[in-house]
Amino acid sequence: MKFCSLRERKREKTQGGVSRPSRIIFALSSLLTSFSPLFFTPFSRSWTSFCEYAHPSCSPYITFLPPSPRSDAQPTEAETAVWNQVSAVLEEAHGILAELQSYNGAGQEIREAIQNPGDLALQEKAWNAVCPLVAKLKRFYEFSLRLENALRSLLEALTSPPYAPMQHLEREQALAKQFAEILHFTLSFDELKMTNPAIQNDFSYYRRTISRNRLNNQQLDAENEVNNEMANRMSLFYAEATPMLKTLSNATTKFVSENKTLPIEDTTDCLSTMACVCRVMLETPEYRCRFTNTDTMLFCMRVMVGVIILYDHVHPVGAFAKTSKIDMKGCIKVLKEQPSNSVEGLLNALRYTTRHLNDDSTSKQIRALLQ
């Protein structure tokens, strides 16, 4: 048993660390070990050092550490029902990302149709090009609803009594890992969406065409698949800079507001601990050098940004206040140390999808870092 020094306590205070038993930090390692098995050494001594660095005040609680993290994070019997539900959604997520990545849009056909309004052949060509794309956008939107339900199931499982959130993270590592994978998908989807203006252009053209034909008392077959009500909901969804993240933020806020018997800290402590672990992994050369590829770095950064944004939406004063349990300066600095082309989307997510960045309680230093 080792007690932390005064210097270590000061370091924790200045870095905004969250005091938790190191076994909790150990449990959270399952969020990343399956993504990069070489990241953690199989020796408990090295892992103990990481825990002490990440959370110095945890040191007195170090009594037992398994020899290696549970990298496969298989669900226990109690987790199985929720895990199966979320697993089905995550399996579909891979296909959604692949479709979005290959989304080229119908820009050429739309331009030709607009420039030649009297050419019926070009109008039909543009319409036939846009309709399958709108059907694809509908699938993306409908998937966001399933993702929202999956997140809600995870939040219920990870905050339900009689266990505290930190106990849940320790006991239900498979669900915690799925939570991280949902955030990874969400930030990946939104990064692709933000860099593809064809999505909104295609959908805008589709809606204009539908409206014009409706005025002329004409109904197109595509309206049967995407009716006016669905089109309105999709329009609101794609108008967001980061639609998937907005969906999850709203879902998390709604979950907290509907479960008034659960303390807000049950959710925010879970999120802040995950953010802290990701930050330490990224900013510590000893651990960062063990990332085997850039995908692992991106996974860690996306999870960190995702939990920060959810925390900022749920916590009354947000993630940027001095009283926040998240070291925002450290998190932003870690992101800005990476190549700009790989993190600009994540920085934009912090700039434009958080609630409290422009509050008076946010320091000028943090605002300057995000400019």
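In this predicted model, Ile96 is in contact with Phe140, Phe143, Phe185 and Phe189, once its neighbours within four places in sequence are left aside. Ile96 belongs to helix H5, which covers residues 80-101. With a relative accessible area of 3%, Ile96 lies under the 20% limit and is therefore buried. Between Ile96 and Phe189 there are 93 residues of sequence separation, yet their C-alpha atoms are 8.4 Å apart.

**Overall composition**

The protein has 18 helices and zero strands. Of its 371 residues, 53% are buried. When contacts between residues at least 6 apart in sequence are considered, 77% of them join residues at least 24 apart.

In soluble globular proteins, nonpolar side chains tend to be buried together. Here the largest nonpolar core comprises 98 residues, and Phe179, Phe185 and Ile308 have the most contacts inside it. Helix H7 is the greatest contributor to this core, with 17 residues. At least three residues come from each of domain 1 (74-241) and domain 2 (263-370). For Phe179, the contacts beyond four places in sequence are Leu151, Leu154, Leu155, Leu271, Met274, Val307 and Leu310.

Helix H9 runs over residues 173-194, and its 22 residues should span 32 Å at 1.5 Å a residue; the end C-alpha atoms are 32 Å apart, so the two values agree. Burial extends over most of H9, as 19 of its 22 residues are buried.

**Aromatic pairs**

A pair of aromatic rings is described by the distance of the centres and the angle of the planes. The structure contains eight such pairs, and two of them are set out below.

| Pair | Distance of centres | Angle of planes | Arrangement |
|---|---|---|---|
| Trp127 and Tyr206 | 5.4 Å | 5° | stacked |
| Tyr141 and Phe237 | 5.5 Å | 70° | edge-to-face |

The planes of Trp127 and Tyr206 are at 5°, which is under 30 degrees, so the pair counts as stacked. This pair links distant parts of the chain, with Trp127 in helix H7 (residues 120-159) and Tyr206 in helix H10 (residues 198-215), 79 residues apart. Trp127 and Tyr206 are both buried.

For Tyr141 and Phe237, the angle of 70° is over 60 degrees, and the pair is therefore edge-to-face. Distant parts of the chain are again joined: Tyr141 lies in helix H7 and Phe237 in helix H11 (residues 228-239), a separation of 96 residues. Tyr141 and Phe237 are likewise both buried. A cluster formed through ring pairs takes in Trp127, Tyr141, Phe203, Tyr206, Phe237 and Tyr238.

**Other local features**

Helix H7 also holds Asn128. Its relative accessibility of 46% falls between the limits of 20% and 50%, so Asn128 counts as partly exposed. Asn128 and Glu109 are separated by 19 residues in sequence, and their C-alpha atoms lie 9.4 Å apart.

Pro161 and Pro162 are joined by a cis peptide bond with omega of about 15°. Pro162 is located in the loop between H7 and helix H8 (165-171). A ring and a charge meet at Tyr163 and Arg171: the charged end of Arg171 sits over the ring of Tyr163, at 3.9 Å from its centre.

Terms used. Residues numbered from 1 in each chain as written. Predicted model: local features only at pLDDT ≥ 70, side-chain atom pairs only at ≥ 80, totals over all residues. Heavy atoms only, no water. Phe/Tyr/Trp six-rings, centres within 6.5 Å; stacked < 30°, edge-to-face > 60°. Helix = DSSP H or I, 4+ residues; strand = E, 2+ residues; numbered from the N terminus. Buried < 20%, exposed > 50% of the residue type's maximum accessible area, 1.4 Å probe, protein only. Lys NZ or Arg CZ within 6 Å of the ring centre and 35° of its normal. Expected span 1.5 Å × (residues − 1). Core = buried A, V, L, I, M, F, W, Y, C linked by side-chain atoms within 4.5 Å. Domains from an automatic or database assignment. Contact = heavy atoms within 4.5 Å.
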